[in-house]
Amino acid sequence: VDDPDPLRTGFHFQPPSHWINDPNGVMYYKGVYHLFYQYNPKAAVWGNIVWAHAVSTDLVNWVTLQPAIYPTAPFDVNGCWSGSATVLPDSTPAIMYTGIDGDGLQVQNVAYPKDLSDPYLREWVKPDYNPVIAPNAGVNATAFRDPTTAWRGPDGLWRLVIGTKDNHRGLAVLYRSRDFKRWAPARRVLHYGDTGMWECPDFYPVSTSPGAVLGDVKHVLKVSLDLTRFEYYTFGAYDHATETYVPDAALADGNDGLRYDYGNFYASKTFLDQAKQRRILWGWANESDSTEDDVRKGWAGVQAIPRKIWLALDGKQLMQWPVAEVESLRGNHVNITDRLVEAGSYFEVQGLMSPAQADVEVSFAAMDLDKAEPFDPAWRGADAQTVCAAQGADVKGGVGPFGLWVLASDELKERTAVFFRVFKGEGDGKHVVLMCNDPSRSSYADHLYKPTFAGFIDVDITKTGGKIPLRTLIDHSMVESFGGHGRMSILSRVYPTKAVGDKARLYVFNHGDSDVKVTHLNAYDMRSAKISNHIDQLTR
Ligand code: DQQ
């Protein structure tokens, strides 16, 4: 029998039905991971927004609970939008979220668990003194939202950041409080850029050790740009005493800056996981089918795999990697070593039962870097996405395109390409390595949004002897890839019509002039995560 809903994910989090967007209030509290998220309880389109709630003990299997925060009062009657959790020193968790009030204005509210002895914190109460932060005169009251997790300075005052805009300028404004109840704006904003609205800011310490608290600590400021739907970050020095944030000089703000993910990944949020001393990043992947498709499916929106996030050893960027717990779902395993993929050839990776729900780790070695084409000076300053749209997976190259065809149909007409392409640098510059996700052939359906996603990945491929690794999590309509051991990630949503369920296939391809070797390939069938609405189903 055909699966009536073959594009639903098996191990990426989604509730049983309806619309979801931003992850909210993520935290680890007394042995339980909490994921709240923007949710429409009535339909598979955005609207009627509440905070839905799910809990887990392993970040893989989830129990969905009743919505935790929903409109009840004048200060949130038109919606409970994004926000964050902070665990206070007396170990009470506090949620700060944006309420849309009766006039459609954006205000910040606080909520506390009703019963701290409930291990799942199912019910939340909102004190009558809300809102705790209303837009002051001069603030754009319809663009003033998404409070961050708060932190405490050496003076004992709490601080948090709210995203806003002033005409074309995006701002991260800083607020202070002694008691988490009365808040006042700091004299200076934390940071700003000429980018349009800053949604869902996040501000947190990182170091080269994933525990995020040891060694040389930098602060990361991430913002979500509603104009481009990408997330950008800088990192640098934060001085607690003067409340100033100075990004490292080499880093650019906004559209010229570094991105968390070069694909469909938005409104993300991190939290510190004290259980395992790591910082974890959650992000939302929107659909790229049509609203009619979503209504027919009855669902829209998926959360990306939670990712560990830390500062690269070279200090130049952040690194991301799926949390190790995901590997607990790995089943049947296929291994290939030292297989040559000659120029212009491809082969099928056989032996998986469900290549539509799989985890693939592959290490490529380009055999002849001299065959790399020169980087076209016309692309100088262009973004990777433009280059990759012109040089898609079917455009023959020197070194590459080589990579994976995932969610491929047996006649190979449907396929999504995740690949690398290597160019000679200009002058004596190092080679330019492009990582791409090309969905242009991903589906027979032609009404879909099929954007090419790409980034220039900062690896010195001559130093690695032409080697470059790729990991791709394939989950029916999700293709979530990590290149260069986590230096770049690209998430893409695709909607195959034939390459579904056990009909989907997996290939390795090389459409360049240089031979490529697959030094290792490990592919695993992935079991489905357990997503239940019975609290006694929580994995212990
Ligand atoms: N989604 C929320 C807002 C946020 C936006 C509303 C980002 O709070 O700015 O659902 O996706």
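Strand E2 (residues 32–40) is mostly covered, since eight of its nine residues are buried, where a residue is called buried if 20 or more other C-beta atoms lie within 10 Å of its own, exposed if 12 or fewer do, and partly exposed in between, with the C-beta atoms placed from the backbone. Strands (E, at least two residues) and helices (H or I, at least four) are DSSP runs numbered from the N terminus. The structure is a predicted model, in which local features need pLDDT of at least 70 and side-chain atom pairs count only at pLDDT 80 or more, while totals for chains, interfaces and linings use all residues. Residues are numbered from 1 along each chain as its sequence is written.

Strand E2 runs antiparallel to E1, to which it is joined by seven bridges, and two strands are taken to pair if DSSP finds at least two bridges between them. Within this pair, Ile20 stands opposite Tyr39 in E2, and Tyr29 stands opposite Val32 in E2. The hairpin of E1 and E2 has two residues between the strands, and Lys30 takes a positive phi near 45° there. Seven bridges also join E2 to strand E3 (residues 50–56), again in an antiparallel manner, and here Leu35 is placed opposite Ala54 in E3. These strands belong to an open sheet of six strands, with mixed pairing and the order E22-E1-E2-E3-E4-E39. Strand E22 (299–300) and strand E39 (531–532) stand at the edges and have a single partner strand each, so one side of each is left without a neighbour in the sheet. In a regular strand the side chains alternate between the two faces of the sheet.

Cis peptide bonds occur from Asn130 to Pro131, with omega near -5°, and from Gly400 to Pro401, with omega near 5°. Pro131 is found in the loop between strand E8 (124–125) and E9, whereas Pro401 is found in strand E30.

Another loop residue, Thr148, is located between strand E9 (144–145) and strand E10 (151–152), and Thr148 counts as buried because it has 27 C-beta neighbours inside 10 Å. When residues up to four places away in sequence are not counted, Thr148 touches Ser84, Leu160, Val161, Pro201, Asp202 and Phe203, contact being defined by C-beta atoms, placed from the backbone, that lie within 7 Å.

The chain is assigned a domain 1 (18–322) and a domain 2 (330–526), with bounds that come from an automatic or database domain assignment. The C-alpha centres of domain 1 and domain 2 lie 32 Å apart, and 21 residues of domain 1 are in contact with 21 residues of domain 2. On the side of domain 1 that touches domain 2, the largest share, four residues, comes from strand E25 (residues 318–322). The residues of this side divide into 10 nonpolar, six polar and five charged, where Ala, Val, Leu, Ile, Met, Phe, Trp, Tyr, Cys and Pro count as nonpolar, Asp, Glu, Lys and Arg as charged, and the others, Gly among them, as polar.

A nonpolar core is a set of buried Ala, Val, Leu, Ile, Met, Phe, Trp, Tyr and Cys residues joined through C-beta atoms within 7 Å. In the largest such core, which has 152 residues, Val433 and Leu434 touch the most other members. Strand E30 (residues 399–408) gives the most to this core, with seven residues, and the core draws at least three residues from each of domain 1 and domain 2. Leaving aside residues up to four places away in sequence, Val433 touches Phe420, Val422, Phe456, Ile457, Val459, Ile461 and Ile468.

How values were computed. Two residues are in contact if their C-beta atoms, placed from the backbone, lie within 7 Å.
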